[in-house]
Amino acid sequence: MICVYPGSFDPVTNGHLDIINRAVRICDKLIVAVGSNETKKPAFTTAERIELIRQAVGFEPCIEVTSFSGLLVDFLKKTGAKTVIKGLRAMSDFEYEFQMALLNKSLEPDMETLFMMTGVNYSYLSSSAVKEIARNGGKIDGLVPDCIKQRIFEKLKGGK
Ligand code: PNS
């Protein structure tokens, strides 16, 4: 089974990596797809977001990191995948994700969205929080992989 894990990943966090590492165990191939959400102004370019994910994931033959624009269902068709993986942190994520899953299903009835509950240690974690902390010089240890910390600080001109 090929699964697509779409998201903004602006930047990738340990919460995303937890989902990636768990999702890859239930599929043959996982495509991590950086999408453009027009309503959000990303801090990192698409190429940078892909690069940070690649660095964080390392070489994993069953994980592909790429980007998509346009509708997720059209990207799925291109890849031959029928399953989308999404992470759920708290009830606050639910309403939006529920709407997305139903809209996607109405556009492409053949596809399924599988939700994975976030790891308990990451339920409070978001890319926006990481950016805010980094911009203001706070510590992001434990929130993102060590190997990408420096690049996040360089980009956001923050602290430690
Ligand atoms: O990190 P996010 O905010 O969960 O990522 C959102 C993303 C990129 C996965 C989502 O905005 C998306 O799927 N965009 C593609 C457009 C689309 O297909 N929208 C659904 C029908 S309205």
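The legends below describe close-up views of one predicted model, with residues numbered from 1 along each chain as its sequence is written. Because the model is predicted, local features need pLDDT of at least 70 and side-chain atom pairs count only at pLDDT 80 or more, while totals for chains, interfaces and linings use all residues, and side-chain values use heavy atoms, with hydrogens and water left out.

**View 1**
Helices (H or I, at least four residues) and strands (E, at least two) are DSSP runs, numbered from the N terminus.

From the side chain of Lys86, an N or O atom is 3.0 Å from an oxygen atom of the ligand. Taken alone, the ligand exposes 560 Å², of which the protein buries 80%; accessible areas come from the Shrake-Rupley method with a 1.4 Å probe, and for residues only the protein chains shown count as cover. The ligand sits in the largest pocket, which is to say that more than half of its atoms lie within 2 Å of the grid points of that pocket. A pocket is an open set of points on a 1 Å grid over the protein atoms alone, where a 1.4 Å probe fits, with protein on both sides within 12 Å along at least five of seven lines.

**View 1. The loop between E1 and H1, with its backbone features.**
Phe9 lies in the loop between E1 and H1 and has a positive phi of about 50° although it is not a glycine. Most residues other than glycine have a negative phi, and most peptide bonds are trans. A cis peptide bond, with omega about 0°, joins Asp10 and Pro11, and Pro11 too has its place in the loop between E1 and H1. Phe9 counts as buried because its relative accessibility is 3%, where buried means under 20% relative accessible area, exposed over 50%, and partly exposed in between, with a 1.4 Å probe and protein chains only.

**View 2. Asp10 and the contacts of its side chain.**
Asp10, in the loop between E1 and H1, counts as buried because its relative accessibility is 5%. The side chain of Asp10 reaches the backbone nitrogen of Phe44 at 2.9 Å, and it also makes a polar contact with the side chain of Lys131 at 2.8 Å. A polar contact is a pair of N or O atoms within 3.5 Å; within protein, one must be able to donate a hydrogen and the other to accept it, and residues adjacent in sequence count only if both atoms are side-chain atoms.

Helix H1, residues 14–23, is mostly covered, with eight of its ten residues buried. Those buried residues are Asn14, Gly15, His16, Leu17, Asp18, Ile19, Ile20 and Ala23. Thr13, which lies in the loop between E1 and H1, caps the N-terminal end of the helix, with a side-chain oxygen 3.1 Å from the backbone nitrogen of Gly15. Thr13 itself counts as buried because its relative accessibility is 2%.

**View 3. Lys105 in helix H4.**
Lys105 lies in helix H4 and counts as partly exposed because its relative accessible area is 31%. Lys105 and Val73 are 32 residues apart in sequence and 8.6 Å apart in space, C-alpha to C-alpha.

Key:
1 Å grid on protein atoms, 1.4 Å probe; cavity = no way out; pocket = protein on both sides within 12 Å on 5 of 7 lines; lining within 4 Å.
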